[in-house]
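Let us take a walk through this structure together, one region at a time. Keep the view open beside the text and pick out each residue as it comes up.

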Amino acid sequence: MAKADYYELLGVARGASADDIKKAFRKLAMKWHPDKNPGDAEAEKKFKEINEAYSVLSDDDKRAAYDRYGHAAFEGGGGPGGPGARGFDFGSSFADVFDDLFGEFMGRGGQRGGGNGAMRGSDLRFNMEISLEEAFKGKKTQIRVPSTISCEACDGSGAAPGSKPTTCPTCQGAGKVRAAQGFFTVERTCPTCQGAGRIIKEPCKVCGGHGRVSKEKTLSVNIPQGVEDGTRIRLAGEGEAGLRGGPPGDLYIFLTVTPHALFRRDGANLFCRVPIPMVTAAMGGNIEVPTIDGSRARVAIPAGTQTGRQFRLKGKGMPALRGGAMGDLYINAVVETPMNLTAKQKELLKEFEKAGGKGTSPESEGFFAKVKELWNDLTE
């Protein structure tokens, strides 16, 4: 049975660049890798075919021979990986590709070894509550955070003062070892140094060889004006110290703006529900309302104001987090019905009712007029 064309197997043109060939192989290897298709004989066969194609097309000399003679160039023991392959080593040739594609399968989590075993410290989270007034003005404060810092006794190395870590004899400082298993080369964490790449014979007595110690840190935090509920502030390098001299992580502060007794926030705008005395709503007048900056603002209430009417106070809302523009304050009027009336007040209201006057209650008059029309239609 004739062998498939190597270029067709990888899905590239004959003039494809080395980079295009590598990208095509990476994509197909990810799709057909046996670890992703356990027990699938067809996938295993496909994987071997694209490996064979890549082993030829990724090598300039082999590719030139293939372009000139086709598969005949490798017949008679000269196929990819055979005696005529001029020292081709599957494990070394595909190591860089497998590092990228299958690092997660080998337990490395995508971190490629640096030989000294240094690891970045973990990020930390700190939850902070602030009031709406603090969100309006901004705030400078200090927080205390339990964390880990680099050990001063050993400068983060983990080795006792006067000594140094030594290179791991098993992995020669790489932190990982490779072993051939048939067609594949498997890479594992070095069992001697546990991936550190070095061995500490005399651990630091202060940190026990970890290179860091627990300590509560006091940090200054600047909360800008206009922050909203859920805003995240990042303090770079203020997380946990890294292992074996690695860089520290970051600290993330998550802000919660507590509900306000008077104001409801929507972005940069504020809303306030203000009760209006019935007489003021009927005859008109002025009222004073609070603002978020602690001052008071005067609002003119026109005669005949109804519940639900909204008054806008421009620029009396919250500052925008970006740009600095000010939002508005919206006053929602709620006309208050009198309670606990005296005999005199009740008498005056009855006189007002007897006096009548069309148009004094337009909404109720209009409503009941529509109800009357509906009832008339139903009785006809």
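## Starting from the core

Ile 253, if we set aside its neighbours within four places in sequence, is in contact with Phe 126, Met 128, Ile 143, Val 221, Thr 231, Arg 232, Ile 233 and Leu 235. Please keep in mind as you look that the model is predicted. Ile 253 also belongs to the largest nonpolar core, a group of 37 residues. Together with Ile 143 and Leu 251, Ile 253 is among the residues with the most contacts inside that core. Apart from this core lies another one, made of 21 residues, including Leu 10, Leu 28, Ala 29 and Ala 43.

Let us now turn to strand E9, which spans residues 251-257. How many of the 7 residues of E9 are buried? The count is 5, so the strand is mostly covered. Strand E1, residues 124-130, runs parallel to E9 and is joined to it by 7 bridges. To find this pairing in the view, look for Asn 127, whose bridge partner in E9 is Phe 254. Strand E8, residues 232-235, also pairs with E9, but these two run antiparallel, with 4 bridges joining them.

Arg 120, Asp 123, Arg 234 and Asp 250 are linked in a network of salt bridges.

Next, find the open sheet of 4 strands, whose order is E10-E11-E15-E14, with mixed pairing. Which strands stand at the edges of this sheet? They are E10 and E14 (310-313), and each has a single partner strand, so one side of each is left without a neighbour in the sheet. From one strand to the next, the twist averages 30°.

At one end of that order, E10 (residues 263-266) and E11 (residues 269-277) run antiparallel and are joined by 4 bridges. Asp 266 stands opposite Asn 269 in E11. The two strands form a hairpin with 2 residues between them, and Gly 267 in the turn has a positive phi of about 70°. At the other end of the order, E14 is joined to strand E15 (residues 329-336) by 4 bridges, and this pair runs antiparallel. Look for Leu 313, which stands opposite Leu 329 in E15.

Now for the charged pairs. Side chains of opposite charge can pair when their charged atoms come close. The structure holds 15 salt bridges. One of them joins Lys 3 to Glu 52, where the closest N and O atoms are 2.4 Å apart. Lys 3 lies in the segment before helix H1 (6-10), while Glu 52 lies in helix H3 (residues 41-57), so the pair ties together parts that are 49 residues apart in sequence. Lys 3 is partly exposed, with a relative accessible area of 49%, and Glu 52 is partly exposed too, at 24%.

Another salt bridge brings together the side chains of Arg 14 and Asp 5, at 2.9 Å from N to O. Arg 14 is partly exposed, at 47% relative accessibility, whereas Asp 5 is buried, at 18%. Lys 48 and Glu 44 both lie in helix H3, 4 residues apart, about one turn of the helix. Both count as partly exposed, Lys 48 at 38% relative accessibility and Glu 44 at 35%.

Our last stop is a set of cysteines. A disulfide is a covalent bond between the sulfur atoms of two cysteines. The structure holds 0 disulfides. Cys 193 is in no disulfide either, and the nearest cysteine sulfur, that of Cys 190, is 3.7 Å away. Cys 171 is buried, with a relative accessible area of 8%, and Cys 193 is buried as well, at 9%.

Conventions. Residues numbered from 1 in each chain as written. Predicted model: local features only at pLDDT ≥ 70, side-chain atom pairs only at ≥ 80, totals over all residues. Heavy atoms only, no water. Disulfide = S-S within 2.5 Å. Buried < 20%, exposed > 50% of the residue type's maximum accessible area, 1.4 Å probe, protein only. Pairing = 2+ DSSP bridges. Core = buried A, V, L, I, M, F, W, Y, C linked by side-chain atoms within 4.5 Å. Contact = heavy atoms within 4.5 Å. Salt bridge = Lys/Arg side-chain N within 4 Å of Asp/Glu carboxyl O. Axes fitted to C-alpha atoms, helices over the stretch in contact; angles between N-to-C directions.
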